[in-house]
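Hello,

Here is the structure I promised to pass on to you. Have a look at it first, and then read my notes below.

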Amino acid sequence: MSELLFITQQLRRIERMLLQHTLLNKEVLNSKEAAIYLGLSRDYVGRLARKGKFPAFRPNNGRLYFKRMDLYNWMLSRALKPLSKKEMEQEKLNILHAEGG
């Protein structure tokens, strides 16, 4: 790997880290920032907002804005339900069956 390529990759990594740090300190995010914060595409964030999946604001029918804490709470609300013992045993059987065992 050339030295220039290595330096470019490191600068991109630092840029991403700075952006993430900035987003964590902002109260209100635009749709691009919200997409980065959530790790989703900007289009998908817009679709979720239009469907009312999480609160969004559109002052004067302009751009979409989101409260960072609303997005954070939405992410936490999407937690998976833990499997019961019976469901875990069934899942093990399914895996063994799929592997041919």
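Among contacts between residues at least 6 apart in sequence, 41% join residues at least 24 apart. Please keep in mind that this is a predicted model.

Next, the fold. The protein chain has 5 helices and 2 strands, and their order along the sequence is α-β-α-α-β-α-α. The radius of gyration is 20 Å, well over the 13 Å that the globule rule gives for 101 residues, so the chain is more spread out than a compact globule. If you turn the model along its principal axes, the C-alpha atoms fill a box of roughly 55 × 50 × 20 Å.

Now the surface. Of the 101 residues, 19% count as buried. The accessible surface of the chain comes to about 8,400 Å², and carbon and sulfur atoms account for 56% of that.

Then there are the charges. You will find 19 positive and 10 negative side chains in the protein chain, with the centres of the two sets 7 Å apart. How many salt bridges does a search of the whole structure find? The search gives 1, and the partners are Lys26 and Glu33, whose closest N and O atoms are 2.7 Å apart.

Are these two partners buried or exposed? Lys26 has 28% relative accessibility, so Lys26 counts as partly exposed, since that value lies between the 20% and 50% cut-offs. Glu33 has 15%, which is under 20%, so Glu33 counts as buried.

Enjoy exploring the model!

Best wishes

Technical notes: Residues are numbered from 1 along each chain as its sequence is written. This is a predicted model: local features need pLDDT of at least 70, side-chain atom pairs count only at pLDDT 80 or more; totals for chains, interfaces and linings use all residues. Side-chain values use heavy atoms; hydrogens and water are left out. Helices (H or I, at least four residues) and strands (E, at least two) are DSSP runs, numbered from the N terminus. The radius of gyration is taken over C-alpha atoms; the globule rule is 2.2 Å times the number of residues to the power 0.38. Buried means under 20% relative accessible area, exposed over 50%, partly exposed in between (1.4 Å probe, protein chains only). Contact means heavy atoms within 4.5 Å. Accessible areas come from the Shrake-Rupley method with a 1.4 Å probe; for residues, only the protein chains shown count as cover. Lys and Arg count as positive and Asp and Glu as negative; His and the chain ends are not counted. The place of a charge is taken as NZ of Lys, CZ of Arg, CG of Asp or CD of Glu. A salt bridge is a side-chain nitrogen of Lys or Arg within 4 Å of a carboxyl oxygen of Asp or Glu.
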